[in-house]
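I opened the notebook to look up packing, domains and the ligand shell. The entries follow the order in which I checked things.

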Amino acid sequence: MSLSLETYLTETAGADPLRQAAATTILNLGEAAVEIARLIAHGGAGAELGKSLGEANLGGDIQKALDVVADRAVVGAMHRSPVAFYGSEEQDAPITISEGGSVAVACDPLDGSSNIETNVSIGTIFSILPVGSEHRAEPRSAFLQPGSRQIAAGFFIYGPQLLLIASFGGETRAFIHVPGSAGFTSVGETLAIPATTKEFSINAANRRHWAEGLRRYIADCEAGEAGNRGKNYSMRYVGSMVADAYRILLRGGVFLYPGDARKGYEKGRLRLVYEANPVALCIEGAGGAASDGLSRTLDIVPGDLHARTPLVFGSTEEVEEVRRRLAEQG
Ligand SMILES: O=P(O)(O)OC[C@H]1O[C@](O)(COP(=O)(O)O)[C@@H](O)[C@@H]1O
Ligand SMILES: [Mg+2]
Ligand SMILES: [Mg+2]
């Protein structure tokens, strides 16, 4: 039976005030996502929204017009929500939204920026954290909580369908935007990632920079039936993590963005607070696993809002196999 997003969030929040705050915030993020999807569909997504602005964000990535437009839409949603602090990939420091707010929202307003002008799926990722009295004086500190403290998290995908993948109350579900409305409705039951897989997802152009253990792991996947994994693998890599994550939530697989030997990539490319943690919560909520290769992602204490982390997530057996290889071979 399909369920409206609003009904689902209200029922899951129950009488818990922090969960209620998260529920309102997710509904408002849904409105921002509908606005962003409309801009992508009608606003000259090709040349205009994919145009580089020439400014680098703190992570060193060149901002595109849509990165900035999406951030503005999300900020608008924050002002309609019980949010104290907002931390974004597109802003150097967190901003205060409302002194009385009870949650902090970390966000990657536009994930998959390199795909904007190519009409490939892109997304918005969010993480909702509790704000305690100890965080009030220093907003930055609210974002330095481990991902296991997230009240809810998820991501929108702007693709052939506008989808929301949300992890709330320990489970992960998909919702689809109902065209012509502001609402979302559930798709299927709770998501469950198969424990075993034959699909891997990695930017193999970086192979020469990888550590030996990782090189051997991928070589063994590529060796197929003849190799020591004893099965044939396939490779899928969209270059928009939201799209790779959703495919893995549906049919299993393993995604890897490791640290490598390139300057500035020692901890990979992805950001812990607003990319890895929300995706990890969704993956764990669907029975999968997420790590930095060796340790559980959700247990890492962030050193900074924009900190990077190596990221491996997906089917539990495969994430464990990667851990074993890295522990043995470095
Ligand atoms: O081009 P690369 O190095 O493979 O990186 C691709 C990864 O970078 C990202 O685009 C990073 O996110 P942003 O687009 O938000 O910077 C991920 O979506 C994707 O998985
Ligand atoms: Mg991103
Ligand atoms: Mg981004």
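**Entry: Val103.** I started with the contacts of Val103, leaving aside its neighbours within four places in sequence. I count two residues as in contact if their C-beta atoms, placed from the backbone, lie within 7 Å.

**Entry: ground rules.** The model is predicted, so I note that local features need pLDDT of at least 70 and side-chain atom pairs pLDDT 80 or more, while totals for chains, interfaces and linings use all residues. Residues are numbered from 1 along each chain as its sequence is written, with chains lettered from A and ligands numbered from 1 in the order in which they are written.

**Entry: nonpolar core.** Which residues have the most contacts inside the largest nonpolar core? I found Val103, Ala104, Val105, Val279 and Phe313, in a core of 98 residues. Helix α2 (residues 17-42) gives the largest share of this core, ten residues. Domain 1 (5-187) and domain 2 (199-329) each supply at least three residues to this core. Such a core is a set of buried Ala, Val, Leu, Ile, Met, Phe, Trp, Tyr and Cys residues joined through C-beta atoms within 7 Å. Buried means 20 or more other C-beta atoms within 10 Å of the residue's own, exposed means 12 or fewer, and partly exposed lies in between, with C-beta atoms placed from the backbone.

**Entry: overall fold.** I get eight helices and 15 strands for the protein. These are DSSP runs numbered from the N terminus: helices are H or I with at least four residues, strands E with at least two. The radius of gyration is 19 Å, close to the 20 Å of the globule rule for 330 residues, so the protein is as compact as a globular protein of that length. The radius is taken over C-alpha atoms, and the rule is 2.2 Å times the number of residues to the power 0.38. Buried residues are 49% of the 330. Of contacts between residues at least 6 apart in sequence, 64% join residues at least 24 apart.

**Entry: two domains.** The assignment gives domain 1 (5-187) and domain 2 (199-329); such bounds come from an automatic or database domain assignment. Their C-alpha centres lie 23 Å apart. I find 38 residues of domain 1 in contact with 29 residues of domain 2. On the domain 1 side, β6 gives the most, five residues. That side divides into 16 nonpolar, 17 polar and five charged residues. Here Ala, Val, Leu, Ile, Met, Phe, Trp, Tyr, Cys and Pro count as nonpolar, Asp, Glu, Lys and Arg as charged, and the others, Gly among them, as polar.

**Entry: ligand 1.** How many residues surround ligand 1? Twelve do, and the closest are Asp111, Gly112, Ser113, Asn203 and Met241. My cut-off is a C-beta atom, placed from the backbone, within 6 Å of the molecule. The shell has one nonpolar, six polar and five charged residues. Domain 1 and domain 2 each give at least three residues to this shell.

**Entry: two loop residues.** Is Pro160 buried or exposed? Pro160 is exposed, with 7 other C-beta atoms within 10 Å. It sits in the loop between β7 and β8. Gly169 is in the loop between β8 and β9. Gly169 is partly exposed, with 19 other C-beta atoms within 10 Å.
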